[in-house]
Amino acid sequence: MAALPETLVESELFGHVRGAFTGAEHERVGRFIAAANGTLFIDEIGDLALPAQAKLLRVLETRVLAALGSNVDQKMEARVIAATSRELVKFVADKRFREDLYYRLNVVTLLIPPLRSRPADIRPLAEYALQELAGRIGKSMHLSEELIAALEKLTWPGNVRQLRNAIESMVVLSDHDELRADDLPLELLAELAGHRSASESSYDLGLIERQTILDALERHGGNRTRAAMELGISTRTLQRKLKIWNVNEESRCD
């Protein structure tokens, strides 16, 4: 619903006949009729405007609808599943969502916890996304255990979409077959750094890694490509780490 202009919602759901409104040059079958004997999934129903909510309620109550511009009633024979990321109870209290529609929809409720509360789901979701995205561009790749552990520590405010985007970024940018934690997008690497223990051992580990990279750069006269080769990491990974540490020294990538 969030992707549809308010003026097109009714046409999308119920369909229209030719001439029903300006620009309606052809008849359109609505989603309810197209989903006959199947399931209609209405995503982000909390974004549906109040006038359209009233018409949706009527269809759900009577299971009868008419396309825009038509006087012919049609039977609605689809089951309806609605989803939202909104707090509909609060929307009802604020008069932004019809109370009667809320209770009409709220027959069986499935609550999906945020991804950060489902760490066991992260591996299969990440592997599924990797298989799809890498296959699309003809790459054969796999996730390292180190990366899986890192993914399970992140908070994922954008949930599955953010996880998928992170995998896509790594697939596109990585120059090796195994995706590792240091291949993560910069903002996720920064979040991981924030998860480090405040213990002295963790602090020392970060200092050792930083100093090792800086020493390699010094040995190679600031040449990042050669330093990365010595360290066994990609130049891109080295550059990310320098950016996280705010190291702005002059160095070359040739």
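First, the ground rules. Residues are numbered from 1 along each chain as its sequence is written, and side-chain values use heavy atoms, with hydrogens and water left out. Because the model is predicted, local features need pLDDT of at least 70 and side-chain atom pairs count only at pLDDT 80 or more, while totals for chains, interfaces and linings use all residues.

I start with the pocket. A pocket here is an open set of points on a 1 Å grid over the protein atoms alone, with protein on both sides within 12 Å along at least five of seven lines; lining residues have an atom within 4 Å of a point. The largest pocket has a volume of about 1,500 Å³, volume being the space filled by probe spheres set on the points. It is lined by 36 residues, and A82, A83, T84, L110 and I112 are the closest to its centre. Two or more lining residues come from each of β6 (79-82), α4 (88-93), α5 (99-105) and α8 (159-173). Helices (H or I, at least four residues) and strands (E, at least two) are DSSP runs, numbered from the N terminus.

Next, the cavity, meaning a set of points where a 1.4 Å probe fits but cannot get out. The whole structure has one of 30 Å³ or more. The largest cavity holds about 50 Å³ of space. Its lining includes M170, L173, H176, D183 and R240. Both α8 and α12 give two or more residues to that lining, and α12 has the largest share, with three.

α12 also takes part in a helix pair. The axes of α9 (residues 186-194) and α12 (residues 235-244) come within 11 Å and cross at roughly 55°. Axes are lines fitted to C-alpha atoms, for helices over the stretch in contact, and angles run from 0 to 180 degrees between N-to-C directions. L186, L189 and A190 of α9 meet R240, K243 and I244 of α12, contact meaning heavy atoms within 4.5 Å. R240 is also one of the residues lining the largest cavity.

The second pair is α6 (residues 119-136) and α7 (residues 145-153), with axes that come within 9 Å and cross at roughly 130°. These two helices are therefore oblique to each other. On the α6 side the contact is made by P119, I122, R123 and A126, and on the α7 side by E145, I148, L151 and E152.

Conventions:
Angles under 35 degrees count as roughly parallel, over 145 as roughly antiparallel, 65 to 115 as roughly perpendicular and the rest as oblique.
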